Amino acid sequence: MTAQPATQVIRAEQGAITPSTPAVERAAQTLAAGGLVAFPTETVYGLGVDATNAAAVARLYDAKGRPSFNPLIAHVAETAAARPLARFNQAAERLALAFWPGPMTLVLSKLANCPVAELATAGLDTIAVRVPSHPIARAILIALGRPVVAPSANRSGHVSPTTAQHVLADLRGRIELIVDGGPTPMGLESTIVACLDRPVLLRPGALPRADIERLLPLTEAPYSAAPPAHVDEIPIAPGALASHYAPQARLRLNARRVEAHEALLAFGPMPVAGAEQAAAALNLSLRGDLIEAAANLFSHLRALDASGAATIAVMPVPRAGLGEAINDRLQRAAAPRP
Ligand code: TXA
Ligand code: MG
């Protein structure tokens, strides 16, 4: 692979996707050769490499500008393919049975002979594993027949990409291939649950907490009040991470009115005071639907940032259901940064 690849974009035609769909075959061949391939999952676009190829994993960290102490999620085609990687306790078994394939990541004890490159797990004795449900992601994993580590396909510190165009904007010339499968259906990253001792919610995400809690109790992460600096790569503490957070705009959360020159990220049918003077305005969901809001969140943030406004006023979003993860991402994007 060359140092500066020309990034190709191939569309995966809608309809029946199989491991022998041309775009899927190309993706699997590129991965097998150590290349970097962005592809859609049901949550956000991932940037994948062959998880067993340490050199490819190193290139992945470099392409994203991601600190190598931030571990990656290993994606596999089915639960059976996760078993050689990690130890499943009873809670993990129940969660995998209920929610895989789907938008949930489990952090488990890594097995001694786990084939995933040490660099991908940042030297930890745990590993994050996920079985995505998106037909393109699944077909690529089946065609390759190996685990694929894939962070969100954005430059480190950016919001996650929900379209192939977002990936291209961040990573053109840094990766070999983008499989364009249209906008991702959910638009928020997977929910991460650690199943080491008791199940702990590490990151709220596209699988609502209540769905999990119907099955088993969740302990709060000890640091849940102040999320760790590097989850989602958006630094919480100034200086926690080298500045890669490119958006110019600051976020002003829970805005009840819009000030002159601000852009507006609205939610719901109620008009907000001063909306007519907004530099640009988008609504996460006019009908106040949190599923629709989650799907629109990252693309609306990117679009409002591109308007050039210095501040984006964000209307309050309820915390129920997917609102927990939406508010989590908004808070991270609004956090002070270097
Ligand atoms: O929906 C998703 O999860 C997407 C798609 C592409 O699958 N992936 C994603 O990956 O969001 P990434 O790398 O952007 O976020 C994964 C998060 C990071 O915050 C990382 O620190 C955490 O998972 N993580 C990975 N391995 C971990 C481990 N062993 N223990 C704790 N956290 C871990
Ligand atoms: Mg990410």
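1. Let's start with helix α5, which covers residues 135-144 of this predicted model. Its buried residues are Ile 136, Ala 137, Ala 139, Ile 140, Leu 141 and Leu 144. What do they pack against? The buried residues of α5 pack against α1 (22-32), β2 (37-40), β4, β8 (148-149) and β9 (177-180). So that you can find the end of the helix by its backbone, look at Gly 145: just after α5, this residue takes a positive phi of about 70°.

2. Next, the ligand. There are 25 residues around ligand 1, and the closest of them are Thr 43, Asn 70, His 75, Ser 190 and Arg 203. By residue class, the shell around ligand 1 splits into 13 nonpolar, seven polar and five charged.

3. His 75 has a side-chain N or O atom 2.7 Å from an oxygen atom of the ligand. For Arg 66, an N or O atom of the side chain sits 2.9 Å from a ligand 1 oxygen. Arg 203 also places a polar side-chain atom 2.9 Å from an oxygen atom of ligand 1. As for cover, ligand 1 on its own has 680 Å² of accessible area, and the protein covers 93% of that.

4. Which elements give two or more residues to the shell around ligand 1? They are β4 (73-75), β7 (126-130) and β11 (199-203). The biggest giver is β7, with four residues in the shell.

5. Last, the cysteines. How many disulfides are there? The count comes to zero. Cys 114 is in no disulfide, and its nearest cysteine sulfur, in Cys 195, is 17 Å away.

Notes. Residues numbered from 1 in each chain as written. Chains lettered and ligands numbered in written order. Predicted model: local features only at pLDDT ≥ 70, side-chain atom pairs only at ≥ 80, totals over all residues. Heavy atoms only, no water. Near = heavy atom within 4 Å. Polar contact = N/O pair within 3.5 Å; in protein donor to acceptor, adjacent residues only side chain to side chain. Areas by Shrake-Rupley, 256 points an atom, 1.4 Å probe, with all protein chains shown as cover. Nonpolar A, V, L, I, M, F, W, Y, C, P; charged D, E, K, R; others polar. Buried < 20%, exposed > 50% of the residue type's maximum accessible area, 1.4 Å probe, protein only. Contact = heavy atoms within 4.5 Å. Disulfide = S-S within 2.5 Å.
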